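Please read the points below with the sequence and the structure open.

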Amino acid sequence: MLKLNLNDILAVLQTCVPHLIALAVILVVLLAVMVAVRKLPQAKKRMIRGTSGVAMVLALVIVLNTICVGPLSTLLDLVSGHGTITEASAAEANELCVNLAEEGIVLLQNDDSMLPLASGSNVNVFGWGSVDPVYGGTGSGALSDDVEKVDLLQGLANAGLNTNEALSQFYRDYCAKRPELGYAAHNWTLPEPPASTYSQELLEDAKAFSDTAIVVLSRIGGEFADLPTDMAVTRSSEVENYTDNSTEYLDFPDGTHYLEPSQSEKDMIDLVCQNFDNVILVYNGANTMELSIADQYSQIKGVIWCPGPGQTGFNALGEIIAGQVNPSGKATDTFVYDLAATPYFNNIGNFVYQNAEDYSFEGAGLFGSGATIPHFVNYVEGIYVGYRFYETAAEEGLIDYDQTVQYSFGSGLSYTTFEQSMGELTVADDTVSFDVTVTNTGSVAGKDVVEIFFNPPYTNGGIEKSSVNLVQFGKTGLLQPGESQTLSFSIPLEDMASYDYQNHGCYVLEAGSYGISIRNGSHTVLDEQELTVSADIVYDESNPRSSDQQAAVNAFDFAEGNVTYLSRADHFANYEEAVAAPTDFNLPDEAKNGLFNSYNWDPNDYNNPDDVMPTTGASNGLVLADLRGKDYDDPMWDDLLDQMTVAEMDDLIALGGYQTKAVSSIGKVATVDCDGPANITNNFTGLASIGFPSECIIASTWNVGLAEQFGVSIGKMADEMGVSGWYAPAMNTHRSAFDGRNFEYYSEDGVLAGYIGAAAIRGAQSQGVYAYMKHFALNDQQIGQNEMLCTWSNEQAIREIYLKPFELSAKVGETAAVMSSWNYIGNQWAGACSSLLQTVLRGEWGFRGMVITDGYHFTGYMDSDRAIRNGSDLMLKNFDVETNHVTDQSSATGVLAMRNSCHNILYTVVNSRAYDAANADTSMPTWQVVMIIVDVAAAIVLIGWEVLILRSYKKRTASAV
């Protein structure tokens with residue numbers, strides 16, 4: 001089934017208009033001819049009308065063929081030629097889905113060792129989420145609706161737990177009368193039954209069934225919408241969605257947000273705790289929620305975090321509750337009591353510039369045409385994101401940690417106990433090494449995570465530094481009671497350097513004492529040792545870090561803006577000023593110079609007169625397959641690229657949505673790319689792999705081996721589907737708990753996200769599938785992201801926080817592809833930000849591969865000329881729109897940029913599964929062969945008909961004589 005939105009369909013039809021007009025003209029002319037011959041002799045009439053009729057048919061065939069070969073060829077390529085996932089791969093993926101959830105579901109609290117429950121236990125399950133749970137998220141990262149899922153109650157039953165069916169039916173009946181939840185319906189109310197709807201009979205039967213209750217709270221997020229921070233505003237538009245037009249369900253009091261319990265949820269929990277002594281709270285959502293209600297009732301003894309577990313992952317939830325699996329997940333984010341008191345809270349949302357009329361425009365977009373006015377967001381917290389803020393703020397006396405943080409980053413419980421001890425630190429070759437021995441000191445087999453943090457020396461008013469920084473981690477195998485395992489760690493000293501953008505303009509490892517600790521979460525130290533650095537080490541151009549191809553030096557001065565950034569100086573003395581909501585809605589004058597969109601940027605203004613026009617259309621006898629395995633700088637590439645015409649280069653660049661185009665002059669085959677961080681989904685055929693858990697569950701495993709297995713499984717299924725590119729993994733940062741796409745991003749910490757993402761990339765690419773790490777970069781909120789969203793941040797935060805997961809994915813994962821983002825970094829669109837795509841990605845990190853734009857919908861500011869001249873290669877669109885084709889195809893500068901982009905695309909594709917011996921097929925696609933046969937058949941019919949007409953005409957003429 002072809003899946004396109006209405007705008008896509010209209011755009012495709014629009015490209016067909018010239019062909020349809022041509023067909024109409026031909027038909028009108030032919031009809032006119034047939035009418036005009038009415039007065040001719042009968043024999044001539046028959047000959048001309050017959051010829052004209054066949055000509056009409058032939059014209060129709062030719063025009064339809066032209067439409068297909070032209071604007072519709074991409075769609076036909078994408079729909080045809082796909083394969084099917086084998087039963088073996090599907091079964092392997094289903095098992096892996098459960099394994100990921102087994103290690104990624106986090107046990108946050110277990111008072112009185114209430115969990116696990118005994119096998120065969122009865123349990124009452126409360127909350128609408130029990131019958132309508134969250135499996136992942138919505139948008140491009142959603143699971144396919146066509147795959148069968150294991151729901152929450154099934155997962156409990158499969159683990160041998162008995163649930164109260166009458167209670168579950170109560171929720172099903174109630175929810176059936178409610179509007180669809182969340183983003184899909186633009187409805188943020190929750191279908192939680194008011195306490196008054198629970199009958200006394202239902203409660204008495206439940207108490208008779210079991211003295212144990214599970215309460216499920218669920219929250220969903222998705223693309224294009226952040227979670228509401230003010231439900232008073234949101235709810236005003238929701239009443240019309242209800243069948244009874246009642247306001248009784250709009251139960252968020254003024255000043256509340258979506259990530260705290262609603263009044264009905266609070267009332268339900270109160271009701272449950274009045275009637276049951278043993279309560280387990282299951283939070284089913286990827287966005288960290290305020291769970292202080294767990295502290296308010298002694299009956300709530302267990303708290304479990306279960307973000308969307310994918311297609312079969314609820315089996316793991318049942319196994320953990322029933323004790324068949326010992327939980328080993330660790331939180332990827334910090335749970336705080338008051339999200340409205342976070343440093344970022346006042347600086348997320350819809351901020352529109354008031355003095356940027358000259359940069360606004362009317363243009364096309366995903367949701368139709370309309371006015372776009374530049375927006376902005378200020379990353380005021382600097383490097384103090386997530387636990388880095390809370391740990392440092394506690395050390396500086398700004399906050400009371402225990403009153404602020406409920407569950408620490410990296411925390412998570414087990415049904416057994418472990419002891420960890422550090423070996424002696426040794427330093428050699430600028431690397432500190434040590435062992436950590438983990439011993440299972442309890443009575444149940446289990447796995448444990450070793451979390452390595454460092455605490456750098458800080459000078460008041462100097463380089464900003466968090467007091468706690470994750471630097472490496474590892475996970476044990478399954479340890480039996482009394483069993484030990486030793487993990488070895490080697491940490492380059494440069495990994496503990498801080499980015500000094502104000503003075504040295506590069507990374508600096510300052511002299512002093514560095515505390516290196518192993519912790520159970522960011523706040524609980526298990527063991528610690530001191531490392532002394534005797535002198536400053538400055539990683540400038542003369543001394544780059546060993547992991548950099550070129551020294552990392554200031555590249556984002558333009559993105560700092562007029563923002564007051566949070567500073568640790570004088571115990572966070574500027575906290576109130578820095579984290580306040582913005583009051584200045586004016587685009588700085590210095591930022592106006594260089595704020596480009598599709599209407600105020602002309603490629604001719606940036607042509608280099610010294611550039612030399614490259615050769616095009618040469619006959620060198622090469623095909624792309626000849627370059628497989630060749631180095632990126634091999635001279636053969638010049639000979640191959642010389643063969644491409646300008647038109648071929650333009651098509652390859654412009655029509656890169658879910659594919660790379662075939663190129664006849666070099667024998668390049670068409671390839672298919674697919675979406676889905678949690679699966680592989682072909683948007684055009686509807687074929688999808690199984691849906692894996694959300695990325696935050698994968699990160700919660702803290703298990704790079706499992707993450708790599710996930711990538712391998714994705715790669716295998718993609719290969720079987722005939723898919724060569726995977727639009728994933730998504731590497732953005734959980735800057736805010738309210739980002740709608742947190743379910744498809746890993747963590748608030750870039751080191752954890754980077755190593756887990758790198759492992760997934762390695763796995764997929766081991767199967768020949770290039771993985772597009774995305775969305776590069778600073779795409780950490782949904783609001784305004786497609787409206788020239790100027791994202792302001794200082795260079796230290798950009799590098800240490802927001803680029804860190806991408807950096808590790810590029811260096812450790814050796815990703816072959818990148819997807820840029822819709823937002824602007826400072827005043828530069830990320831898809832045309834040379835500092836990001838050229839200086840950092842290709843220059844510093846040594847990336848060799850292709851960069852694709854994010855969905856090419858917003859043509860008012862996305863244009864291929866600017867993109868390819870600044871580091872992008874491929875436009876994520878599969879039909880012609882206003883700006884995806886290169887407009888400057890005549891200057892040497894423009895053609896050289898096209899050639900460079902094609903080089904990047906071809907280098908990536910030829911080294912993928914598409915050119916494995918088993919897959920490489922340079923033959924013409926079947927649908928094109930069919931079109932040619934139809935053309936030939938039509939021509940034969942025409943010729944045959946003409947012969948018959950001529951013979952008939954001669955006979956009639958002869959008899960008349």
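1. A salt bridge here is a side-chain nitrogen of Lys or Arg within 4 Å of a carboxyl oxygen of Asp or Glu. By this rule the structure holds 32 salt bridges. The model is predicted: local features need pLDDT of at least 70, side-chain atom pairs count only at pLDDT 80 or more, and totals for chains, interfaces and linings use all residues. Residues are numbered from 1 along each chain as its sequence is written, and side-chain values use heavy atoms, with hydrogens and water left out.

2. Glutamate 204 and lysine 207 form a salt bridge at 3.4 Å, N to O. Both lie in helix H7 (residues 200–209), three residues apart, about one turn of the helix. Helices (H or I, at least four residues) and strands (E, at least two) are DSSP runs, numbered from the N terminus. Glutamate 204 is partly exposed at 37% relative accessibility, and lysine 207 is partly exposed at 33%. (Buried means under 20% relative accessible area, exposed over 50%, partly exposed in between; 1.4 Å probe, protein chains only.)

3. Which residue forms a salt bridge with aspartate 749? The partner is arginine 388, with the closest N and O atoms 3.0 Å apart. Aspartate 749 sits in the loop between strand S26 (725–727) and H21, and arginine 388 in helix H12 (residues 387–395), so the pair ties together parts 361 residues apart in sequence. Aspartate 749 is buried at 0% relative accessible area; arginine 388 is buried at 7%.

4. Aspartate 719 and arginine 913 meet in a salt bridge of 2.6 Å, N to O. Because aspartate 719 lies in helix H20 (residues 704–721) and arginine 913 in the loop between helix H26 (892–910) and helix H27 (926–960), this pair ties together parts 194 residues apart in sequence. Aspartate 719 is partly exposed at 29%, while arginine 913 is buried at 6%.

5. Six strands form an open sheet of mixed pairing, in the order S1-S6-S5-S4-S2-S3. Strands pair if DSSP finds at least two bridges between them. Strand S1 (106–110) and strand S3 (162–163) are at the edges with a single partner strand each, so one side of each has no neighbour in the sheet. Strand S2 (residues 122–126) pairs with S3 in the parallel sense over two bridges; asparagine 122 has asparagine 162 in S3 as its bridge partner.

6. Helix H23 (residues 804–811) is mostly covered, with seven of its eight residues buried. Among them are Phe806, Glu807 and Leu808. The covering elements include strand S20 (506–509) and helix H22 (795–802).

Key: Contact = heavy atoms within 4.5 Å.
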